[in-house]
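Subject: Structure handover and notes

Dear colleague,

I am passing on the structure below, together with my notes on it. Please look it over before reading on.

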Amino acid sequence: MPVIGVTGGIASGKTTVACGLAEALLVQGGTEVATFSADECAHDLIENDPVVSQEIQALFGKAILGSDGRIDRTQLRPIVFADSDRRHALEDILHPKIRHRWIAQAEKFRTPQKYFVAEIPLLYETEASPYFDCIVVVEADAQIQLERLSSKRGWSLETARRVIDAQMSAEEKRRRADILIVNHHTEELLHRQIILAARALLTRYA
């Protein structure tokens, strides 16, 4: 069955949509569904892969280390997004390893009884779209993204704007989407869109 990609801007609601879509596919289709989160994979690599940790420390120095001597992502984030060259260098360390993991997992689910839903924030930016059968784009208003990053994650507005600006525009993602889910409104409306997306996928790949 298909490998489904879920992508969109930061703080657009990708995780909510990916989890909701997997649940809806399971309930409506009665098929096994596996999920993958690129962000969770990145966190795991940074925290648990000594080679990745050493490469990142060599790139950014001790300024990114917390009091426990481990990489502190809250210190790493503003440094990364203040310098595009260093951001790309970090991506060169992480993205190939992340891609290797989700491709390996996806191949296990290419059977008539299973779905694979992968949440990949930089899916288009990393030119990963050829690996997916269908791509779901989650879109939120830029002001809502800023408010979520500021209020829920405690980011400075400057860092939040830099992260949003570093990603592909919402307009371009919308143009490339196979399925578009708009998340600027109520939770109820978001849930309805997820259900409709699941139905469309089950019909398309029946």
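This is a predicted model: local features need pLDDT of at least 70, side-chain atom pairs count only at pLDDT 80 or more; totals for chains, interfaces and linings use all residues.

Residues are numbered from 1 along each chain as its sequence is written, and side-chain values use heavy atoms, with hydrogens and water left out.

The whole chain

The chain holds nine helices and five strands, where helices (H or I, at least four residues) and strands (E, at least two) are DSSP runs numbered from the N terminus. In sequence order, these elements follow the pattern β-α-β-α-α-α-α-β-β-α-α-α-β-α. The radius of gyration of the chain (taken over C-alpha atoms) is 18 Å, close to the 17 Å that the globule rule gives for 206 residues, so the chain is as compact as a globular protein of that length; the rule is 2.2 Å times the number of residues to the power 0.38. Along the principal axes, the C-alpha atoms fill a box of roughly 50 × 35 × 30 Å. Of the 206 residues, 45% count as buried, which is to say under 20% relative accessible area, with exposed meaning over 50% and partly exposed in between (1.4 Å probe, protein chains only). Among contacts (heavy atoms within 4.5 Å) between residues at least 6 apart in sequence, 73% join residues at least 24 apart.

The sheet

Five strands make up an open sheet in the order β2-β3-β1-β4-β5, and the pairing is parallel; two strands are taken to pair if DSSP finds at least two bridges between them. Since β2 and β5 stand at the edges with a single partner strand each, one side of each is left without a neighbour in the sheet. From one strand to the next, the twist averages 20°. Strands β2 and β3 are paired over six bridges, with Y115 in β3 as the bridge partner of V33. Four bridges join β1 to β3, where G5 has A118 as its partner, and five bridges join β1 to β4, where G8 stands opposite V138. Five of the six residues of β3 are buried, so this strand is largely enclosed by the rest of the structure.

Helices on the sheet

Helix α1 packs on the sheet and touches β1, β2, β3, β4 and β5, its direction making about 155° with that of β1; axes are lines fitted to C-alpha atoms, for helices over the stretch in contact, and angles run from 0 to 180 degrees between N-to-C directions. Helix α5 (residues 84-108) also packs on the sheet, touching β1, β2 and β3, and its direction makes about 180° with that of β2.

At 1.5 Å a residue, the 16 residues of α1 (residues 14-29) should span 22 Å, and the end C-alpha atoms are 21 Å apart, which agrees; the expected span is 1.5 Å times one less than the number of residues. The buried residues of α1 include V17, A18, L21 and L25, and the buried residues of this helix also pack against α9 (187-204). Just after α1, G30 takes a positive phi of about 65°.

The nonpolar cores

A nonpolar core here is a set of buried Ala, Val, Leu, Ile, Met, Phe, Trp, Tyr and Cys residues joined through side-chain atoms within 4.5 Å. Of the 34 residues in the largest such core, F36, I56, I98, W102, F116, I120 and F132 touch the most other members. Helix α5 gives the most to this core, with six residues. Leaving aside neighbours within four places in sequence, I56 is in contact with I46, G61, I64, I71, L90 and I93. Apart from this core lies another, of 21 residues, among them V17, V138, L190 and A197.

R87 is found in helix α5 and, at 13% relative accessibility, counts as buried. Not counting residues up to four places away in sequence, R87 touches V80, F81 and A166. R77, by contrast, is found in helix α4 and counts as partly exposed, at 21% relative accessibility. Beyond its neighbours within four places in sequence, R77 is in contact with W155 and T159; the C-alpha atoms of R77 and W155, 78 residues apart along the chain, are separated by 9.7 Å.

With best wishes
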